[in-house]
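Subject: Structure handover and notes

Dear colleague,

I am passing on the structure we spoke about, with the sequence alongside. Please open it first and keep it in view while you read the notes that follow.

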Amino acid sequence: MKSWRASLLRFGEHGHAVFERDGLLVTGPGADGRAVVLAAGDHAALSPRYADVPCTHLPGRIIAPGFVDTHIHYPQLDVIGSPAEGLLPWLEHYTFPHEAQFADRAHATEVATFFCDELMRHGVTTALTFCTSHPASVDALFSEAQRRDLRLIAGKVLQDRHSPDGVRDETEQSLIDTEALIKKWHGADRLGYAITPRFAPSCTEQQLRGAGELAARYPDVWIQSHVAENVHEIEWARALFPDSRSYLAIYADHGLMRRRAMYAHCIHFDDDDRALMRETQTAAAVCPTSNLFLGSGFFDFAGAERVPFLHALASDVGGGASFSPFITMRAAYFAARATSTGLQPKPGVSLSPEHLWWLHTAGAARALDLEGVIGNLQPGCEADFVVLNPEATPLLARRTRAAGSLAELLFALIVLGDDRVVERTVIAAPQQGAPSLRPA
Ligand code: GUN
Ligand code: ZN
């Protein structure tokens, strides 16, 4: 067992923030030998019970749940900051040529290592990640995540049409590869597999159908794709699948909407789309820095509350501009204020800092069907957490010292914070004295 004394942030069942200014977090081995939260709460109340447990005291610091990024592309590390008119030219000119390099396992391993370093440096302890269409890209990332004991979900991209040589895969082989990767990686240590059709325009009917069949055969595997991001993309998808009611409905029509399915963007939706999300328990990965960078539009947060469906925050690197959850939360705040999606009017709302933070931690875990497992620091949760320094820059120090409430403190961090705030990222590693999980 170990304990940590600092200010402590976590979330209650209904998404409300719970904060102890002088808190105690006690961790110890869980059922699988990895560190879980044994107790969390006020230091004065808890410390007598854990008097014998070694304690790391971190005065002036905040312990908070590790961030959960619900949509990111590890092969797009070197695509960040590549400007284009919009999504489709960006894919063609930058993304596909970069992704073609991931047929080379050594290149994939180098990028995967840098990528995992960046996640952890920014306080992200779980990510739902796209690889490329090359199975070697999946092996490279999972091997690296496994070495670090990260809880990570990823998958081989499916794209058997409208894709250039070097990234285009072959229908039947792509499904064989996907199933082999599921068997190899899903449930290995903390890893999970996601069936990953790139987006409807890059997949034939047969490939989507095959992906849907795999999703039915492996119900606890995740599904990830993109939808309703960009006007031209939407027109294209509708023209390719004229029998489906909407772009989103293409995925439902191919068995690709269910719990554990996560669709990036979901900007240009109508209420029937929202109802379809809700009925199928499908989740949206909201990617505000990407949407701003590529000029895609603004997610309708009020719409997602009015016809409620699961949604959470994501970086979408390399369309997204930063790994930092602080920068993503900040962009989400700005996007929520916008009074149009870019196509249609929407209410401009002011999201609370507690809610923004929840959407990137416990709410993201809920969207991924991992509530109570990650994204929070309640007893039983895996002990992935960050140590934050609210005085990491002169302006942050000045602003957070003047904060008169939790909301003011969290808002200051969201508006002024970035990777400099993240002093340490702690991963729920196998515990000393617990049975070893891997042969030495
Ligand atoms: N749609 C299809 N592929 C992609 C991608 O790589 N990034 C984004 N943002 N949208 C996509
Ligand atoms: Zn994406």
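D149 lies in the loop between helix 4 and strand 7 (151-155), where helices (H or I, at least four residues) and strands (E, at least two) are DSSP runs, numbered from the N terminus. Phi of D149 is near 65 degrees, which is a positive value in a residue other than glycine, and with a relative accessible area of 8% D149 is buried (buried means under 20% relative accessible area, exposed over 50%, partly exposed in between, with a 1.4 Å probe and protein chains only).

Before going further, please note that this is a predicted model, in which local features need pLDDT of at least 70 and side-chain atom pairs count only at pLDDT 80 or more, while totals for chains, interfaces and linings use all residues. Residues are numbered from 1 along each chain as its sequence is written, chains are lettered from A and ligands numbered from 1 in the order in which they are written, and side-chain values use heavy atoms, with hydrogens and water left out.

Two other loop residues deserve a look. C266, in the loop between strand 11 and helix 9, also has a positive phi, near 50 degrees, although C266 is not a glycine, and C266 counts as buried at 2% relative accessibility. In the loop between strand 13 and helix 12 you will find G318, and the peptide bond leading from V317 to G318 is cis, with omega near 5 degrees.

Next, the helices. The axes of helix 3 (residues 105-121) and helix 4 (residues 135-148) come within 8 Å and cross at roughly 40 degrees (axes are lines fitted to C-alpha atoms, for helices over the stretch in contact, and angles run from 0 to 180 degrees between N-to-C directions). Helix 3 is therefore oblique to helix 4, given that angles under 35 degrees count as roughly parallel, over 145 as roughly antiparallel, 65 to 115 as roughly perpendicular and the rest as oblique. Helix 12 (residues 325-337) and helix 16 pack at an angle of about 100 degrees with their axes 7 Å apart, so helix 12 is roughly perpendicular to helix 16. There, F326, M329, R330 and Y333 of helix 12 meet F411, L413, I414, V415 and L416 of helix 16 (contact means heavy atoms within 4.5 Å).

Now to the strands. Strand 11 (residues 261-265) and strand 12 pair in the parallel sense over three bridges (two strands pair if DSSP finds at least two bridges between them), and M262 stands opposite A283 in strand 12. Strand 12 also pairs with strand 13 (residues 310-313), again in the parallel sense, over four bridges, with H311 of strand 13 as the bridge partner of A284. Within strand 12 (residues 283-286), A283 and A285 point one way and A284 and V286 the other way, and all are buried.

Elsewhere, an open sheet of six strands has the order 3-2-1-4-14-15, with mixed pairing. Strand 3 (35-42) and strand 15 (422-426) stand at the edges with a single partner strand each, so one side of each is left without a neighbour in the sheet. Strand 4 (residues 55-65) and strand 14 (residues 385-388) run antiparallel and are joined by four bridges, and the bridge partner of A64 in strand 14 is V386.

Best wishes
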